[in-house]
Amino acid sequence: MFPLNNIDLLSLQGSLKFGRSKSGQVEVLDRTRKKFVRATPEEIVRQLWLVYLVDLLGVNIKLISIERMFEINGLGKRFDLVVFSKSTHPILLAEFKAPAIRIQQSVFDQIAQYNMKLKVPYALISNGSDHYCFQIDDEAKGFVWKNELPILLASGQ
């Protein structure tokens, strides 16, 4: 397991690659999408988690999906990040917020709603400094809090 309280995303900022768009906006390289994207505060959090997952935990970047569209009750939604196993089963659903956004119940409700459709066993919520990981218990209709990220992320099981 990978303890959440030991994750210092800010120390990984030097691993990000920045550029500028034609209009002068700051952009950050998204290694999964293989392109520069607007460097919003939320995007920086996502990219720092990508660095952590791929470079430090050894998750195969090909097993990570970013910003994919799916539908809930006829409405288009986008998840922030999903990590898949080698057998293409989703392992971890992640929702990221900008550092200035306080993580509140509405964020947990959002990821729970997404997971009713996606059926992912673990979830991660982070604003870059506060990180929450939990196992989603559909039977109890609740969360089982984890102090660590699941080890199966690194093994890609």
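Reader: Is E67 buried, partly exposed or exposed?

Author: Happy to start there, with a model that is predicted. Buried means under 20% relative accessible area, exposed over 50%, and partly exposed in between, with a 1.4 Å probe and protein chains only. The relative accessibility of E67 is 24%, so E67 counts as partly exposed.

Reader: What should I know about the numbering and the values?

Author: Residues are numbered from 1 along each chain as its sequence is written, and side-chain values use heavy atoms, leaving out hydrogens and water. As this is a predicted model, local features need pLDDT of at least 70 and side-chain atom pairs count only at pLDDT 80 or more, while totals for chains, interfaces and linings use all residues.

Reader: Which residue forms a salt bridge with E67?

Author: A salt bridge here is a side-chain nitrogen of Lys or Arg within 4 Å of a carboxyl oxygen of Asp or Glu. The closest N and O atoms of this pair are 3.2 Å apart, and the partner of E67 is R46.

Reader: Why does that pair tie together parts that are apart in sequence?

Author: Helices (H or I, at least four residues) and strands (E, at least two) are DSSP runs, numbered from the N terminus. R46 lies in helix α1, whereas E67 sits in the loop between β5 (64–66) and β6 (69–72), so the parts tied together are 21 residues apart in sequence. R46 itself has 3% relative accessibility, so R46 counts as buried.

Reader: Which residues do salt bridges that share partners join into one network?

Author: R33 and E43 are among them, and their side chains meet in a salt bridge at 3.2 Å, N to O. R33 is partly exposed at 27% relative accessibility, while E43 is buried at 5%. The whole network is D30, R33, E43, R46, E67 and D80.

Reader: How many residues apart in sequence are the parts that D55 and R31 tie together?

Author: The side chains of D55 and R31 meet in a salt bridge of 2.9 Å, N to O. D55 belongs to helix α1 and R31 to the loop between β3 and β4, so the pair ties together parts whose separation in sequence is 24 residues.

Reader: How many residues of α1 are buried?

Author: Among the buried ones are I44, W49 and Y52. Helix α1 is largely enclosed by the rest of the structure, because the buried count out of its 16 residues is twelve.

Reader: How far apart are the end C-alpha atoms of α1?

Author: The expected span of a helix is 1.5 Å times one less than its number of residues. For the 16 residues of α1 that should give 22 Å, which agrees with the distance between its end C-alpha atoms, 22 Å.

Reader: What is the order of the strands in the open sheet of three?

Author: Two strands pair if DSSP finds at least two bridges between them. β3 (residues 26–30) is joined to β4 by four bridges, and the two run antiparallel. The edge strands, each pairing on one side only, are β2 (18–20) and β4 (35–38). The order is β2-β3-β4.

Reader: What angle does the direction of helix α1 make with that of β3?

Author: Helix α1 (residues 41–56) packs on the sheet and touches β2, β3 and β4, where contact means heavy atoms within 4.5 Å. Axes are lines fitted to C-alpha atoms, for helices over the stretch in contact, and angles run from 0 to 180 degrees between N-to-C directions. The angle with β3 is about 30°.
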